[in-house]
Amino acid sequence: MGDIEVKQVVLGNRRDVETFINVPWDVGMTREKHWVPPLKDDYRKQLDPKKSVFLAHGELAAWTAFRDGKPVGRISAQIDFDYDKTWPQEPKTCFFGFFECLDDQAVARALFDVAEAWARAKGRVRLRGPITLDTKGEVGILVEGFDTPNMIGTTWNRPFMDALIQACGYGKAKDFYGWLYDAATPMDEFTKKVADKTRALPNVKIRLMEIAQLPREAGIIKDIYNEAWRNNWNFTPFTDLELEVIAKEYKLFIDERLAYVAEVDGKPAAMLFAIPDVNELVRDFDGELLKNPINLVKLLWRLKFNRPKRARLIMLGVHHDYRASRKYGALAAVLYEEISVRGKAAGYEAGELSWTLEDNDGINRGIERMGAKLYKRWRVYERPL
């Protein structure tokens, strides 16, 4: 075996960035039948100093590992200044992301060595991840649920990745859950009862989000998310720029029948946002969309005539002013039932609810009571430096 050489990626250098992005293809991920290649355009934006919404509030370095001139692994290290502001009780935290590697401990160790050295040089005292690039993006290493493909916005990796990371001195920080709900599962009576009672209140209204009013709807998502999630582990708030980019990128995929706002006295009190599992439609694109106009035409045709049969519930939140209320505390149950009924009527056969924190007992028990099954688990690791 040849020597391992780890080279830092020059962000803005097209060749460096493309080599970094293509590492999963170089290490043989295309041989894995359940891996759905991510769309490379998203990563290109994340790594472009002129377009990256993360770099507007963070700092990033990335490296590619080579052996005999061939890419064999990659990693990033990043500092999120929004995280520093949000979690002053956890000062000097650094994150890693984009981790991909052959089943080779020497390569993994070489990658973590450079990421840890960079973090120490920045005065950081712990390294946590993988998170790409914050918790509003991809989170964790898959440790359970390898027998099904990854849905849009989630990751799939080979089982050996967990052992590689642990052997580099990293321990579990937190697990994230993915739940699968079969549309044929009847809603449990308790959830239906409390949902019906809350929905019957004269000042409660459930409405669909409107694509034509996406800036307004994005603002509602931002306000409820930033308030409802603020105490969740690793939370960082949505910025206006991030919501603007997400609204533009998701506009093509949004199904209005899967996104709702619950209003109380005309004010947004809760929201649910789910999207069709576009991964069902892009598996044969090999990660390319905008660079291959034929793939874009295929996607538009499939979205119109052969829509996905599954969806991913990304966000469900109740504003604090209503979450603790005896009268309105069941708004989450209302939204659960809404998507169960409307999603099935729209032709969706199943949905993934992800990610939920392993220790968020209230949310997890509610999802379990609704009839969903825990089917995937992602892990975030940490090591003191």
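Modeller: Start with the cavities. This is a predicted model. A search of the whole structure finds three cavities of 30 Å³ or more.

Biologist: How does one find empty space in a set of atoms?

Modeller: Rolling a probe the size of a water molecule over the atoms shows where space is left empty. In this structure, the largest cavity has a volume of about 200 Å³. The second largest cavity holds about 50 Å³.

Biologist: Which residues lie nearest the centre of the largest cavity?

Modeller: Tyr181, Ile339, Ser340, Ala350 and Gly351 do, out of 19 lining residues. Strand S13 (310-318), helix H13 (331-345) and strand S14 (350-357) each give at least two residues to that lining. H13 has the largest share, with five residues.

Biologist: How do the lining residues of the largest cavity divide by class?

Modeller: There are 12 nonpolar, three polar and four charged residues.

Biologist: And which residues line the second largest cavity?

Modeller: Asp80, Tyr83, Phe95, Ile131, Leu133, Asp134, Thr135, Asn234 and Thr236. By class, that lining has four nonpolar, three polar and two charged residues.

Biologist: Let us follow Thr135 from that lining. Where does Thr135 lie in the chain?

Modeller: Thr135 sits in the loop between strand S6 (131-132) and strand S7 (138-139).

Biologist: Is Thr135 buried or exposed?

Modeller: Relative accessibility decides, and the cut-off for buried is under 20%. Thr135 has 16%, so Thr135 counts as buried.

Biologist: What does Thr135 touch, leaving out residues up to four places away in sequence?

Modeller: Asn234, Phe235 and Thr236. The Thr135 side chain also reaches the backbone oxygen of Asn234, at 3.1 Å. Asn234 and Thr236 line the second largest cavity as well.

Biologist: How many of the lining residues of the second largest pocket are charged?

Modeller: Eight are charged, with four nonpolar and two polar residues beside them.

Biologist: Take Asp42 next. Which helix holds Asp42?

Modeller: Helix H3, residues 40-46.

Biologist: How far apart are Asp42 and Ser52, in sequence and in space?

Modeller: They are 10 residues apart in sequence and 9.6 Å apart in space, from C-alpha to C-alpha.

Biologist: Last topic: strands. Which way do strand S5 and strand S15 run?

Modeller: To read a pair, look at the direction and the bridges. Strand S5 (residues 126-129) and strand S15 (residues 373-384) run antiparallel, joined by four bridges. Leu127 stands opposite Arg383 in S15.

Biologist: How many bridges join strand S8 to S15?

Modeller: Three, and strand S8 (residues 141-144) runs antiparallel to S15. Leu142 has Trp378 in S15 as its bridge partner.

Biologist: And how many bridges link strand S9 with S15?

Modeller: Nine, again in the antiparallel sense, with strand S9 covering residues 171-182. There, Leu180 has Lys373 in S15 as its bridge partner.

Key:
Residues numbered from 1 in each chain as written. Predicted model: local features only at pLDDT ≥ 70, side-chain atom pairs only at ≥ 80, totals over all residues. Heavy atoms only, no water. Buried < 20%, exposed > 50% of the residue type's maximum accessible area, 1.4 Å probe, protein only. Polar contact = N/O pair within 3.5 Å; in protein donor to acceptor, adjacent residues only side chain to side chain. Contact = heavy atoms within 4.5 Å. Pairing = 2+ DSSP bridges. Nonpolar A, V, L, I, M, F, W, Y, C, P; charged D, E, K, R; others polar. 1 Å grid on protein atoms, 1.4 Å probe; cavity = no way out; pocket = protein on both sides within 12 Å on 5 of 7 lines; lining within 4 Å. Points joined across faces, edges and corners; volume = space filled by probe spheres on them.
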